[in-house]
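I set out here what I looked up in this structure, entry by entry.

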Amino acid sequence: MPEPLSGFSTRAVHAGNEVDRHMVTHPKAQPIYQTSVFVYDSLAQVDDFLAGNPDNYMYTRIGNPNPAALEELILALEGGAAALFGASGMAAIGAALLGNLEAGDHLIASRELYGTTQSLIEKELGRFGIAATLVDIRNLAAVEAAITPRTRLIYTETASNPLVRVSDVPALAALAKRRGLKLLVDNTFLSPALYRPLDDGADLVLHSTTKYLNGHSDATGGILAGDAEWVARARRFQINAGGSASPFEAWLTFRGAKTLALRMQAHSRNAQALAEALEAHPQVARVHYPGLPSHPDHALARRLFPKGCSGMLSFTLKGGLAEVDRLIHNLRLAVFAPSLAGVATSISHPGKTSHRALAPDILADLDIHDGTVRVSAGIEEAEDIVGDFVQALDRL
């Protein structure tokens with residue numbers, strides 16, 4: 001990377017802008033290549049495409065300048081040798097796993113993964129003969145004990161959903177390398193503005209770009225970056241399975257990522273202020289946020305995330321579902337939405353949405369209860385967010 005692009009915010013603004021090197025003029029804003037197919041002037045151009053020229057395109061399912069530009073941008077922000085943008089976060093996860101694992105292989109994953117990711121691992125991979133063991137990913141002894149001769153991958157999230165428990169990525173990376181395994185880290189909750197797992201030894205990193213990388217709740221996508229061979233096989237799977245993203249979704253995400261550094265500062269600052277206020281409120285039994293000294297992973301978070309702990313937090317009310325429903329109705333600024341990471345503050349109920357498929361005993365074991373609420377702190381003024389939650393809680 002040239003020296004003028006050394007700073008994170010500078011890379012976010014400028015990386016990937018040269019999407020079409022054949023243009024005579026150069027637009028400041030990236031064009032949208034809203035086309036399903038590209039026209040050739042000769043058979044030689046077809047040969048050029050099939051020879052792997054990255055500046056040549058044939059069919060948008062195979063490649064398009066807008067996803068290619070986003071991939072280049074994410075490589076500049078997250079690092080890695082290659083990147084692949086797909087139609088959703090789950091498309092990126094599916095391509096990473098199904099494009100690289102085969103019948104008889106085994107993977108180890110955190111038992112606190114996003115609910116749909118767990119469903120993919122348990123209900124889909126098994127049908128193809130790929131075994132999985134879910135463990136407490138913070139217990140390194142348990143992780144190592146789960147390794148078998150067929151294990152190829154360890155899979156975790158930088159911070160879990162919804163209790164934002166932090167994975168010790170450097171320790172997991174050291175274990176993976178010592179045992180000849182790959183480490184895949186879902187970095188959706190932190191984003192590369194706050195943490196870069198590849199710098200700490202992870203082999204692969206992925207994001208639901210629907211969340212912070214896009215940041216505006218108006219585009220769906222997912223991206224995988226890191227080890228070139230794994231990404232290449234994931235790309236082949238995505239092309240064959242049809243999980244490619246549209247140019248417009250890529251363009252929206254590319255545009256949104258330009259302000260990532262600024263947004264993550266505001267998200268983190270507001271989440272910290274809200275977490276502190278919630279912890280002091282008598283209606284709240286417990287607050288889960290790594291920026292609080294009361295969080296079990298606070299020391300690890302301070303070491304790994306010195307720029308901030310992101311905008312995701314959760315808390316558990318002293319009441320149950322009835323109180324959660326009243327809270328939703330009492331809030332005036334924050335909205336109830338089963339997603340996260342937009343510029344506007346939102347809340348969700350894990351038991352009714354992301355973790356609905358889990359049995360009650362499993363939810364209790366994960367410390368997720370009827371009164372547990374997840375919050376995605378937006379970029380509004382901190383006092384407005386805090387005031388909204390305080391007045392809503394005061395009226396319970």
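**Entry 1: second largest pocket.** I looked up the second largest pocket and found about 400 Å³ of space in it. I took a pocket to be an open set of points on a 1 Å grid over the protein atoms alone, where a 1.4 Å probe fits, with protein on both sides within 12 Å along at least five of seven lines; lining residues have an atom within 4 Å of a point. I took the volume as the space filled by probe spheres set on the points, with grid points joined across faces, edges and corners.

I worked on a predicted model, in which local features need pLDDT of at least 70 and side-chain atom pairs count only at pLDDT 80 or more, while totals for chains, interfaces and linings use all residues. Residues are numbered from 1 along each chain as its sequence is written, and side-chain values use heavy atoms, with hydrogens and water left out.

I counted 25 residues in the lining of the second largest pocket, with Tyr114, Asn161, Ser208, Lys211 and Leu340 nearest its centre. Helix 4 (89-98) and strand 6 (204-208) are the elements that give two or more residues to this lining; helices (H or I, at least four residues) and strands (E, at least two) are DSSP runs numbered from the N terminus. Helix 4 gives the most, with three residues. By class I noted eight nonpolar, 13 polar and four charged residues in the lining of the second largest pocket. In this scheme Ala, Val, Leu, Ile, Met, Phe, Trp, Tyr, Cys and Pro count as nonpolar, Asp, Glu, Lys and Arg as charged, and the others, Gly among them, as polar.

**Entry 2: largest pocket.** I then turned to the largest pocket, which holds about 710 Å³ of space. Its lining has 36 residues, and Pro54, Tyr57, Ala68, Glu71 and Arg235 are the closest to its centre. Helix 2 (43-50), helix 3 (65-78), strand 1 (82-86) and helix 8 (228-241) each supply at least two lining residues. Helix 3 gives the most, with seven residues. I recorded 21 nonpolar, eight polar and seven charged residues in the lining of the largest pocket.

**Entry 3: backbone.** Most residues other than glycine have a negative phi, and most peptide bonds are trans. I therefore noted two places in the loop between strand 4 (151-157) and helix 7 (169-178), where proline 162 and valine 164 are found, against that background. The peptide bond from asparagine 161 to proline 162 is cis, with omega near 10°. Valine 164 is not a glycine, yet has a positive phi of about 45°.

**Entry 4: helix 4 with helix 5.** I looked up how helix 4 meets helix 5 (residues 115-124): their axes come within 11 Å and cross at roughly 30°. Axes are lines fitted to C-alpha atoms, for helices over the stretch in contact, and angles run from 0 to 180 degrees between N-to-C directions. Helix 4 and helix 5 are therefore roughly parallel (an angle under 35 degrees). Their crossing is right-handed, that is, the near helix is turned clockwise from the far one by less than a right angle. Met90, Ile93, Gly94 and Leu97 of helix 4 make the contact (heavy atoms within 4.5 Å) with Thr116, Thr117, Leu120 and Ile121 of helix 5.

**Entry 5: helix 3 with helix 9.** I found helix 3 and helix 9 (residues 247-257) packed at an angle of about 30°, with axes 8 Å apart. That makes helix 3 roughly parallel to helix 9. Helix 3 passes helix 9 in a left-handed crossing, in which the near helix is turned anticlockwise from the far one. Residues of helix 3 in the contact include Leu70 and Leu73, and those of helix 9 include Trp251 and Phe254. By class the contact of helix 3 with helix 9 has nine nonpolar, two polar and no charged residues.

How values were computed: Angles under 35 degrees count as roughly parallel, over 145 as roughly antiparallel, 65 to 115 as roughly perpendicular and the rest as oblique.
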